[in-house]
Amino acid sequence: MTEATEIPGRKPDGALAHLLHVLRENPVTMLSFGMFAFFLLQALFGALLVPHDPLATNAAMALQPPNWSHWFGTDSLGRDVFSRVVVATRLDLTISVLAVAISFVIGSVLGAVAGYWGGWIDAGLNRVLDTIMAFPLFVLAMGIVAALGNTIENIIYATALINIPFYARLVRAEVNIRREAGFALAARLSGNSHFRTLAFHIFPNALPPMMVQVSLNMGWAILNAAGLSFIGLGVRPPTPEWGIMVAEGANYIISGHWWVALFPGLWLMLAVFTFNLMGDGLRDIVDPRRRT
Amino acid sequence: MLAIKDFAVSFRTRRGEVQAVRGISLDLAEGETLGIVGESGSGKSVTSYALMRILDAGGRIKAGSAVFEGRDLAQAAERDMQGIRGREISMIFQNPRAALNPIRKVGHQLEDVLRRHGRATRANARAKAIEALEAVRIRDAEARYDAYPFELSGGMCQRIVFAIALACGPRLLIADEPTTGLDITTQKAVMDLVRDLTRERGMSSILITHDLGLAAEYCDRLAVMKDGQIVETGPAAQLFADPQHPYTQKLVDATPRPGAGLRDLLPIEARTPLPDHAPGDRALVQVRDLVKTYPGKSGPVHAVKGISFTIREGQSVGLVGESGCGKSTTSSMLVRLLDRTSGDILFEGHDIADITADRFVRDKRRSQIQMVFQDATDSLNPRHSARQTIADPILRMSDLRGPALSARIEELATLCGLPLPLLDRFPHQLSGGQKARVGIARAIALDPKFLILDEPTAALDVSIQAVVLNLLADLRARLGMTYLFVSHDLNVVRLLCDHVVVMQGGEIVEQGPAAQVMDTPSHPYTRTLLAAAPKPPTTRTGTAKTAAKSAAE
C-alpha cells in the first residue's frame, strides 16, 4: 500500500534526525536517554563539580543526617556522601562499559564464527559456553577475582567473561539464520570472501538485537561490579564506589543512619534502571528499517 | 446472498489514516464463484479480512454494510461473528503451513473444529475427522490423520486447511491466494478440488488472487480491484475480450498467455519493437553428467542425477520443473556457489567445476557468471542502500573508484530503469519491482557473459513482471548476455527462452527448442505441466497480434 506512493527524491533521514525521531516517538526512550546523559555528565565532570573532597575525613562531622551543606549527609568518617556518590559514577560506569565492550567483541567474534561455519567449531564453542553458564555466574566472578587478585582490571575481566556466553549465543543464532540468505549468497557472487561476507554483510544485521542485549547487560554489569565490591572483592576502600558504600552503610541502618546506604543504593538502582530502559531505543536507532 | 455496499476500511498508521478499501459494492449470488483480482496493495485481502472481522489492530470498517443472509457483518457483535466464522463463512489462507499448528496432528486439529462447533462428540470425532479428510480426496486418510503438518507437502497441507474450512458446512468460502507458493500441478489439483466441492455442496465462494488467468479459469465472475476500489466487474471471458477500464486492459495485457509476445505484455504505448535476438553457434556453457548427492539420514539424497546440456553464446535457456526437481541445485552449481559431486561444467571450454566454490570467489571468471535471485527482498542486504548494493561487486572485483564508480552506478540504474533518487533508499523503502531492478543492476554491474535468473519474477505482480521480463530481453540484446532462466512458469519461459530443459526428480526428461517443447511435448511430464498452467481466455489484442505475427512469418 505504501509502495511507490512516496514522493521520489525524498532522501532518507540523516542519523541525527533519525535519533530525534526515535526519541520523540517513545517517551520512555526519551526519559532513559535523559537519565543516561545525567549519569554521563556525572562521570565526566562529577569530580570537578562536587562540593567536598570525597576522600576527606572529618571526625567531628561523622554521621550527620542530610542538611544544606551535606545534601546526602555524611558517613561514619565524616565524608560527604553526595560527593562520594557522584564521584563513584565514573568508576562504576568505566567498569561496566569496559566489561560489556570486551564481552561484546569476544562474544561477537566467537558467535559469528560458530554461526557461519558451524560444524565442530560450533559444537566445541557451545560446550565451552555451556560450561561457563553451568556455574552460578556471580560465584564464578568471585572465584576469578579472588584467584587473580583484588584489582579493578580483574573485576572487569571477570564481569566480561561471565557475559560472553550471552553475546556469543545471540550472535550465533542471528548469523546462522542469515548464512544462507539471498543477500549473503549475493555477496559471495560479488566477490566477497567468507570473512568479508560475514563481517560486512551478515554481522551488521545482528546489531539491533545485540543493542538490546548490551543495554540490559550494562545494568547487570554495574550490579555485578557493585556486588563484588559489596562483599569486599575488587575495589578497595577508601575509593568511592557504590557497592562499597552500600556495604559500609549497611552497618548503620539498624542505628537509624539510613542515608549512608540509601543514596549510593538509589544511584545504583537508577543507573540499572536507565540502562534497562535504553534497550528498545538503542535497537530502533541501529535498525535501518525504522528510518522510514 | 452476500451484498456489500459502499464498504470502506481504513488503517491508523504513523503517517495518519490510510484508506485501504474505499467504498466498494459487490453482490454474490447463491452458488456463485466470484474472483477478486488485483495487485499487491489493492485492498483485496483487506476486504476479505474485514468481512470476517479479523482485521489487524488499527484497522476498522469505516463505512458501508455487508449483508450476509440478512445480517450486517459490518455491525454484528463479536459474539455473533464467532458463530458465523467457520460455521457459515470459512476462509482459507495463502500459506497452509502457517495456518496449521505445527506441533499437533492434523487429525486432532480437524477434531477441534468439529467439536467446537458441535459437529462431533468425543466418541465419533475421529471417525468424522477421517470422513472430512476423505471428503477432500486425501488418499489413505486413516494414516494421514496421525501426520504432523511438517510431514506433509504444501498441497496436502492446503487440502487439510480446506477440510477444516469445510468441516462445518459453511455457506460461503473465502479463499485468499490459496495456491500461491504451490507447484503448478498442485495448484491445479487444489483448485479443481475447491471448484468441485463448492459446486457439489451448492456453496458460494470468493477467490482472491493476483493471477488473472487462474481467476478466469475458476470463477463465474471477476471483480478487478485497484487502490481500494473496484474498477470493473463482469464475466471472465468478457473482461478478457473487451476490457472497459484501462487498468483491466493493463492487467489482461500483462498476463502471460499463449500467443502473446514479450512486448504484448506491456501497455500499447510502450510496445517498441523487440531487439533482434539470434543466439550464436559457439558453446558458452557445457554441462556434462553433472551429479549432486547430499548425505542424508536415510542414505544419500540424489538431488541431481547426471544431467547434460549445452548453452550456446547469446542463447536463453529455460530450466523448468517443480519444486524438488533439482533445478535450484543445478543453478547453484553452475553459478559456483555449490560444489558438484561429479561431472564437468565447461565455461568457454574450460572446466570450472574443479575449482571449489570457496576459491572461485577470487577467480577472474567470477565476474563473468552472475545470478539474479528469486526473492528480491531476501537478496538485498537490509542495511545497505541501493547504491551500496550495486557498488559492492564493482568495489570487490574492479578498480573503479570515486566519481567513475558513481557514474557507473548511475549508468546501471538508468539501464535497469531505476530512478536515480531511489539509489539512496534502503530495501524496505523500495517496492517489489524496484528491488528486482536493484538485484538485476547488481548482477550486471561487471558485464557478465552468463547470467542465471532464478525465478526473478516469481514474487512480483503481473504488470511488474511484464516490465521486468521486457527489461531482461532488452538487456540481453544490449549487453550480449547469455541467460539460464530457472522457472516453474511455462508461460513465462515461453516468452523469453529459445531452448527449454525440463527436469523432474533430478533428471532431464525433455529438452529442445522452446517452440517445439511447448507445442509438441514428447514427454508425459511436460504435457502434465503444460496442461496444469492456467489458460486465460483469448484476448482481442492477443489473437489479433498472433494472427499478424504468424502471417509475417
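Guide: A definition is needed before the contacts: a polar contact is a pair of N or O atoms within 3.5 Å, where within protein one must be able to donate a hydrogen and the other to accept it. Please note also that this is a predicted model.

Visitor: Fine. Which side chain has a polar contact with that of Ser205(B)?

Guide: The side chain of Thr33(B) does, at 3.3 Å. That value lies within the 3.5 Å cut-off, so the pair counts as a polar contact.

Visitor: And where is Ser205(B) found?

Guide: Ser205(B) belongs to strand 8 of chain B, which covers residues 204-209.

Visitor: Is Ser205(B) buried or exposed?

Guide: Ser205(B) is buried, as its relative accessible area is 5%. Beyond its neighbours within four places in sequence, Ser205(B) is in contact with Leu28(B), Glu32(B), Thr33(B), Leu34(B), Leu172(B), Leu173(B) and Thr198(B).

Visitor: Changing topic: how many residues does each chain bring to the contact between chain A and chain B?

Guide: Chain A brings 39 residues and chain B brings 36 residues. The area buried between chain A and chain B is about 3300 Å², and carbon and sulfur atoms give 55% of that area.

Visitor: What about salt bridges and polar contacts there?

Guide: There is one salt bridge between chain A and chain B. Arg188(A) forms a salt bridge with Asp358(B), with the closest N and O atoms 3.3 Å apart. Ten residue pairs are in polar contact between chain A and chain B, both residues being at pLDDT 80 or more.

Visitor: Which helices of chain A supply at least two residues each to the side that touches chain B?

Guide: They are helix 1 (15-25), helix 7 (182-189), helix 8 (194-202) and helix 9 (207-230). Helix 7 of chain A gives the most, with seven residues. The residues on this side of chain A divide into 17 nonpolar, eleven polar and eleven charged.

Visitor: Now the aromatics. How many aromatic pairs are there over all chains?

Guide: The count is 13 aromatic pairs over all chains. In one of them, the ring centres of Phe36(A) and Phe275(A) are 5.7 Å apart and the planes lie at 65°, so the pair is edge-to-face. This pair links distant parts of the chain, 239 residues apart: Phe36(A) is in helix 2 (residues 27-49) and Phe275(A) is in helix 11 (residues 259-286) of chain A.

Visitor: Why do Phe36(A) and Phe275(A) fall into their accessibility classes?

Guide: Phe36(A) counts as partly exposed because its relative accessibility is 23%. Phe275(A) counts as buried because its relative accessibility is 4%.

Visitor: What about Tyr116(A) and Trp117(A)?

Guide: Their ring centres are 4.9 Å apart and their planes lie at 80°, so this pair is edge-to-face. Tyr116(A) is buried at 8% relative accessibility, whereas Trp117(A) is partly exposed at 41%.

Visitor: Last one: which residues form one aromatic cluster?

Guide: Phe38(A), Phe39(A), Phe72(A), Phe82(A), Trp242(A), Trp258(A), Trp259(A), Phe263(A) and Trp267(A) form one aromatic cluster.

Technical notes: Residues numbered from 1 in each chain as written. Chains lettered and ligands numbered in written order. Predicted model: local features only at pLDDT ≥ 70, side-chain atom pairs only at ≥ 80, totals over all residues. Heavy atoms only, no water. Helix = DSSP H or I, 4+ residues; strand = E, 2+ residues; numbered from the N terminus. Buried < 20%, exposed > 50% of the residue type's maximum accessible area, 1.4 Å probe, protein only. Contact = heavy atoms within 4.5 Å. Buried area = accessible area lost by both parts, 1.4 Å probe. Salt bridge = Lys/Arg side-chain N within 4 Å of Asp/Glu carboxyl O. Nonpolar A, V, L, I, M, F, W, Y, C, P; charged D, E, K, R; others polar. Phe/Tyr/Trp six-rings, centres within 6.5 Å; stacked < 30°, edge-to-face > 60°.
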